[in-house]
Each structure stands twice: as structure tokens, then as C-alpha cells.
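Student: I would like to learn how to read a protein model. Please take me through it feature by feature.

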Amino acid sequence: MTRDFTLNSDDDFIVVYGVNHTETGNARYSNAILYGRPMLNGVCSVYDSLFKGSADQYLGNDCENPDQYYVYKMARTKMDDYTAVIEYSTDNEKGKFYGVDNESNLLLAFRAYLDETNIGPSYYEIIYDRAIVFHKK
């Protein structure tokens with residue numbers, strides 16, 4: 001998981017990226033989830049079924065297995081086909097814990113579940129997922 005961070009404005013966004021562990025055979029399911037603090041309410045997530053094709057524009061044409069990687073954005077508004085929208089907590093019709101407001105503490109967690117032996121992949125065998133938070137100047 002990441003350290004805590006905040007989104008300071010509606011123009012801030014997050015990029016999550018890494019290896020698509022389901023395509024490499026190291027997991028049957030993987031995801032990235034944005035959590036709000038202090039309740040650890042999951043407010044935005046992307047799953048391995050959404051990863052295919054998401055890294056294509058960032059990899060060269062000579063990449064042999066582009067679907068083994070992913071690049072996904074989390075933002076207040078849809079930036080492209082590979083963006084998960086982060087809902088607000090305030091005035092959320094589903095309830096306040098279905099979203100998160102600006103200036104709230106957040107963290108990202110990444111998961112890779114069950115390899116071909118029906119246990120989780122070893123942390124020593126996988127490349128860790130990463131996140132970059134972009135703040136508007």
C-alpha cells in the first residue's frame with residue numbers, strides 16, 4: 001500500500017501502474033483500491049479485467065506482451081477509457097462513505113490473489129504496483 005496522501009483540488013489525479021499479475025500467471029485476480037481515512041472505506045477501484053490495453057500507449061511497438069502491464073488513472077472526471085472516477089463524500093446519494101472529498105487523507109492498496117497453486121503469490125516473486133499523485137500547480 002502507499003503512504004497517505006490527499007487530493008487538493010478537482011484537477012488532481014492519480015496514476016496507478018504495474019504488472020498485470022493475472023496475465024503473467026502470478027494471480028487469478030488483482031486490483032488497486034483507493035481508500036479514505038480514517039474509516040478505510042474503499043471509494044474507487046480498478047480490477048484486472050479492466051487492465052487489458054491500458055498500457056498500450058505507454059509501451060513501444062516492440063513490446064511483446066503489452067497486456068502484461070497496466071496504467072490506469074483515478075480522477076474526479078473521466079480523462080479517457082482507462083479512468084476510474086472518484087466520487088465525492090459530501091452529498092453522495094449512496095452515502096458519505098461511498099466517496100471522498102478533497103483534502104481528505106487517502107491511501108492506495110494493491111492486491112494479487114491466488115496463483116496456480118491456489119495460494120497468494122510470494123511478495124518476492126512479483127513486481128510491486130506503483131502510484132503517482134499529480135497535483136495542479
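The dialogue below goes through strands, cores, a pocket and some loop residues.

Student: What kind of model is this, and how are its residues numbered?

Tutor: This is a predicted model, in which local features need pLDDT of at least 70 and side-chain atom pairs count only at pLDDT 80 or more, while totals for chains, interfaces and linings use all residues. Residues are numbered from 1 along each chain as its sequence is written, and side-chain values use heavy atoms, with hydrogens and water left out.

Student: How should I read the strands, and in what order do the 3 strands of the open sheet stand?

Tutor: Strands of a sheet pair through backbone hydrogen bonds, either parallel or antiparallel. Strands here are DSSP runs of E with at least two residues, and helices are runs of H or I with at least four, numbered from the N terminus. Two strands pair if DSSP finds at least two bridges between them. In this model, 3 strands form an open sheet in the order β3-β2-β6, with antiparallel pairing. β3 and β6 stand at the edges with a single partner strand each, so one side of each has no neighbour in the sheet. On average, neighbouring strands of this sheet are turned by 25 degrees against each other, direction ignored; the axes are lines fitted to C-alpha atoms, for helices over the stretch in contact, and angles run from 0 to 180 degrees between N-to-C directions.

Student: How many bridges join β2 to β3?

Tutor: There are 6 bridges between β2 and β3, which run antiparallel.

Student: Which pairings does β4 make, parallel or antiparallel?

Tutor: β4 pairs with β1 in the antiparallel sense over 7 bridges, and I14 has M74 in β4 as its bridge partner. β4 is also joined to β5 by 3 bridges, and these two run parallel. There, K73 stands opposite T83 in β5.

Student: Is β4 largely enclosed or open, and why?

Tutor: Buried means under 20% relative accessible area, exposed means over 50%, and partly exposed lies in between (1.4 Å probe, protein chains only). In β4, 6 of the 7 residues are buried, so the strand is largely enclosed by the rest of the structure.

Student: What is a nonpolar core, and which residues of the largest one touch the most other members?

Tutor: A nonpolar core is a set of buried Ala, Val, Leu, Ile, Met, Phe, Trp, Tyr and Cys residues joined through side-chain atoms within 4.5 Å. The largest one has 19 residues, of which I14, V16, L34, V46, M74, I86 and L108 touch the most other members. At least two residues of this core come from each of β1 (13-19), β2 (29-36), β3 (41-47), β4 (69-75) and β6 (106-113). A second, separate core has 5 residues, including F13, V15, V71 and A75.

Student: Where is V46, and is it buried or exposed?

Tutor: V46 lies in strand β3. V46 counts as buried because its relative accessibility is 0%. Contact means heavy atoms within 4.5 Å. Not counting residues up to four places away in sequence, V46 touches V16, S30, N31, A32, F51, Y72, M74 and A84. Leaving aside neighbours within four places in sequence, the contacts of V16 include A32, V46, L108 and F110.

Student: What volume does the largest pocket have, and which residues are closest to its centre?

Tutor: Rolling a probe the size of a water molecule over the atoms shows where empty space is left. On a 1 Å grid over the protein atoms alone, a pocket is an open set of points with protein on both sides within 12 Å along at least five of seven lines, whereas a cavity is a set where a 1.4 Å probe fits but cannot get out; lining residues have an atom within 4 Å of a point. Grid points are joined across faces, edges and corners, and a volume is the space filled by probe spheres set on the points. The largest pocket here has a volume of about 420 Å³. Its lining has 16 residues, and M1, F110, Y123, Y128 and D129 are the closest to its centre. β6 gives the largest share of the lining, 5 residues.

Student: What is there to read in the loops?

Tutor: P38 is in the loop between β2 and β3, and the peptide bond from R37 to P38 is cis, with omega near 5 degrees. D91 is in the loop between β5 and β6 and has a positive phi of about 65 degrees although it is not a glycine. D91 counts as exposed because its relative accessibility is 74%. S89, in the loop between β5 (83-85) and β6, counts as buried at 14% relative accessibility.
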